[in-house]
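Open your viewer and get ready to select a few things in turn. Each stop below tells you what to pick and what you will find there.

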Amino acid sequence: MEELRYPIGRYKQAENITAEQRETWIEEMKMIPEMLAQALEGLTDEQLDTPYRPGGWTLKQVVHHLCDSHVVNYTRFKCGLTEENPMTASFNIDGWASLTDANEAPISVSIQLFSALHHRWYLLLQSLTADDFSKTFRHPRRGVQRLDEALGLYVWHGKHHIAHITSLRKRMGW
């Protein structure tokens, strides 16, 4: 079950984040919307309504969650850049995934928003200095987080959920 829940493994925070590592993550962040679109290509509505694991979200919910979560984290980034170590909001991911928009909205809506958001995020990330990446925000559960740490987490987060889709496709022969 662990492999189904974490197909690329659990997140491990990098200890010494270098400028090169940040550059790699920035480029990966740029590619995540395209990776998502490729992972979803050709899936039917019935397939999108399939949970990626027993007791897990449907692929549709995964797509909407990715968009929701990255919108929230983009906002955390902007708060961290413009405020002194602000407290940021958390959100109930399962609660959000149970709402009507996460279950009934076509995935195209979230794919478009996700792509536009990542375009803006990429432009922002490219402009940041090493000092900018050392700025922080406070997360209610994870505590103080530097922006470069959050960048690594959200690159992993995107790949993690894309792997939910691609691993289900592989298991089901889609």
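Start with the lining of the largest pocket. Its residues divide into nine nonpolar, 10 polar and seven charged. Keep in mind that this is a predicted model.

**Stop 1: the pocket**

Show the largest pocket as a volume. It holds about 680 Å³ of space. Now select its lining, which has 26 residues. Which residues are the closest to its centre? They are H65, I93, H157, H160 and H161.

Next, colour the helices. Helix 4, helix 5 (93-98) and helix 9 each supply at least two residues of the lining. Which helix gives the most? Helix 9 does, with seven residues.

**Stop 2: the annotated site**

**Stop 3: helix 4 and H65**

Select residues 59-82. This is helix 4, and H65 lies in it. Helix 4 has 24 residues. From its first C-alpha to its last it reaches 35 Å, close to the 34 Å expected at 1.5 Å a residue. Is helix 4 mostly covered or mostly open? It is mostly covered, with 19 of its 24 residues buried.

Zoom in on H65. Its relative accessibility is 6%, so it counts as buried. The cut-off for buried is under 20%. Now show what surrounds H65. Leaving aside neighbours within four places in sequence, H65 is in contact with W57, F91, I93, H157 and H161.

**Stop 4: helix 9 and H157**

Select residues 147-172. This is helix 9, where H157 is found. Is H157 buried or exposed? H157 has a relative accessible area of 9%, so it is buried.

Show the contacts of H157. Not counting residues up to four places away in sequence, H157 touches H65, L66, S69 and H70.

An α-helix has 3.6 residues a turn, so residues three or four places apart point the same way.

**Last view**

Key. Residues numbered from 1 in each chain as written. Predicted model: local features only at pLDDT ≥ 70, side-chain atom pairs only at ≥ 80, totals over all residues. Heavy atoms only, no water. Helix = DSSP H or I, 4+ residues; strand = E, 2+ residues; numbered from the N terminus. Buried < 20%, exposed > 50% of the residue type's maximum accessible area, 1.4 Å probe, protein only. Contact = heavy atoms within 4.5 Å. Expected span 1.5 Å × (residues − 1). 1 Å grid on protein atoms, 1.4 Å probe; cavity = no way out; pocket = protein on both sides within 12 Å on 5 of 7 lines; lining within 4 Å. Points joined across faces, edges and corners; volume = space filled by probe spheres on them. Nonpolar A, V, L, I, M, F, W, Y, C, P; charged D, E, K, R; others polar.
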